[in-house]
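Please keep the sequence and the model at hand while reading.

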Amino acid sequence: MSVGGPGVRPAHRCGDVLRTAPGVFCQKGFTAPVGIYFQLFRHRRFAGLCSGQIVSLIGDAFFPIIVVVAAAKAGTPAETIGAVFAARFIALGGVVLFSGALLDRFDPVRAAVAADSTRVVALAALAFLWDGRLDAVVVAVAVLVGLCEAVSEPALLVIAPRVLDETGRTAGTGPTEAAVPADDTEDAEVTAAYGLLEGLRNVSGMVGPTLAAAVVAGLGSSAGAVLAAATFGLSAGATRWAGAHLVAGSRSGVPAQKPDPTQDEPQTSRSDGDGPGEPEPSLLRSALRGLTVLWRIPWLRSVQLLAVVHVVFAVGPWMVALPVFLVERDHSATLYGFVLGAFAIGNAVGALVGGRIGGPRRGLYALALLALYGLTVLAPVASGSLVLLTAAFVAGGIGQQAFDVAKMTGLRRDVPEELHGRAFSADFFFSFASLPLGQLLGAALLRFADPRTIMLWGGALVLVSTAAVTLRADVRRFSSAQAGASVPAVPTPLVER
């Protein structure tokens, strides 16, 4: 698999390759036009996987709407409704690291199908057993939904590239395409696949709540729960069909022959259960390796630290300060909802943009786009123009999502396959766990500083820290390989051969 070298051989001009092989990297950093997204749907099983995800993501939107509407009709206090959502996210954050270990230890397709099937049962119980009052039924459903999300989120990132691996590539069918390195074509398709999946996620996230509100308002909470259960049933069927060939050849455990990059000692001296004839390591120890592998790869460590710094010290405080700032400037709540909608639109576009980033400077381009988020944070302070605010929030959404997609592709490239589940779960955990801390910090800062100061600080921090991390060459590549390398290069500190 390619790790960041130029995807076009010197004998080819970039424009020629773009016209003949839309799945490969352009040396300027962005791949060919968005036609590759349509080509991905020619893979029947990948298209089936995407279709299942679209309906399940819409189903995700139903649960909070159902709870809010039904509880409001029953006169349930807002604090109690908040406790239900807290139970969901505590369950999600509390087990996501362990779910990654399970995905690496067992089959991710079966895990994803089991998660969807569990939500079918849980939402069916909500439809027929819940009377609108907050009781053990809805709390139990909230916990189950959170647990299932902790499995399905990283499972999708593990399954999607494997489905493409088994269904063939878009390049390599013509005489000019045959000259394109296969690893670069694979890397381009995986990047585009992640961009497409994230784009569908964002679009479904915008459509889902509106559809859920209309169904619940017109037909009632029970009908909404039944429909949500049906979406997860369809998703389970689509995922099982898309990954049927993967299940047939799935492994029952982690291969002992592959090196574990979280260990420094030679393979023959290990006693953690991964050697031949040794017992499996504990689930806790296995889960912690997801955190370790991100830490032990230098560019991933830098990017993860950057993300945590942004979320805790800039994004979280800004999310708290923004509505206060708008209210103090006599803006309506409509403006707040409008700019958040603009940001969501930017997210959907940014996923597709991120899916086209490639080349030896992919990290530099991704970080340049991420810097746009700093301008989003500063925009409400700098201007009151609705047009400029909208443009800034769209740009920030594009930059944030494009960065995430490029980072996911780099993570998959540099982390050994037997650790993919744990690595994606750990990546999700870093962002998930740090956001509440950032929001708590923002609430505390409002006691000592005005919202304008908090937003200025946050925007400056995003811009400066993003620029600083580009000083590392491997971060600019989003790869541990040297520039121009054509084969994966695991960093030497990770494993002793």
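## How H11 and H15 pack

In this predicted model, the axes of helix H11 (residues 298-328) and helix H15 (residues 386-414) come within 12 Å and cross at roughly 155°. Because angles over 145 degrees count as roughly antiparallel, H11 is roughly antiparallel to H15. The crossing in which H11 passes H15 is left-handed.

On the H11 side, the contact is made by Trp-299, Leu-300, Val-303, Gln-304, Trp-318 and Leu-322, while H15 contributes Phe-393, Phe-403, Lys-407, Gly-410, Leu-411 and Asp-414. Sorted by class, the contact of H11 with H15 has eight nonpolar residues, joined by two polar and two charged ones.

## The course of H11

Helix H11 has 31 residues, which at 1.5 Å a residue should span 45 Å, and the end C-alpha atoms of H11 are 43 Å apart, so the two values agree. Along its course, H11 bends by about 45° at Val-311.

After H11 comes Asp-330, a residue with a positive phi, near 65°.

## Helix H3

Helix H3, which covers residues 44-73, has 30 residues and reaches 44 Å from its first C-alpha to its last, close to the 44 Å expected at 1.5 Å a residue.

Terms used
Residues are numbered from 1 along each chain as its sequence is written. This is a predicted model: local features need pLDDT of at least 70, side-chain atom pairs count only at pLDDT 80 or more; totals for chains, interfaces and linings use all residues. Side-chain values use heavy atoms; hydrogens and water are left out. Helices (H or I, at least four residues) and strands (E, at least two) are DSSP runs, numbered from the N terminus. The expected span of a helix is 1.5 Å times one less than its number of residues. The bend at a residue is the angle between axes fitted to the seven residues ending there and the seven starting there. Axes are lines fitted to C-alpha atoms, for helices over the stretch in contact, and angles run from 0 to 180 degrees between N-to-C directions. Angles under 35 degrees count as roughly parallel, over 145 as roughly antiparallel, 65 to 115 as roughly perpendicular and the rest as oblique. A crossing is left-handed if the near helix is turned anticlockwise from the far one by less than a right angle, and right-handed if clockwise. Contact means heavy atoms within 4.5 Å. Ala, Val, Leu, Ile, Met, Phe, Trp, Tyr, Cys and Pro count as nonpolar, Asp, Glu, Lys and Arg as charged, and the others, Gly among them, as polar.
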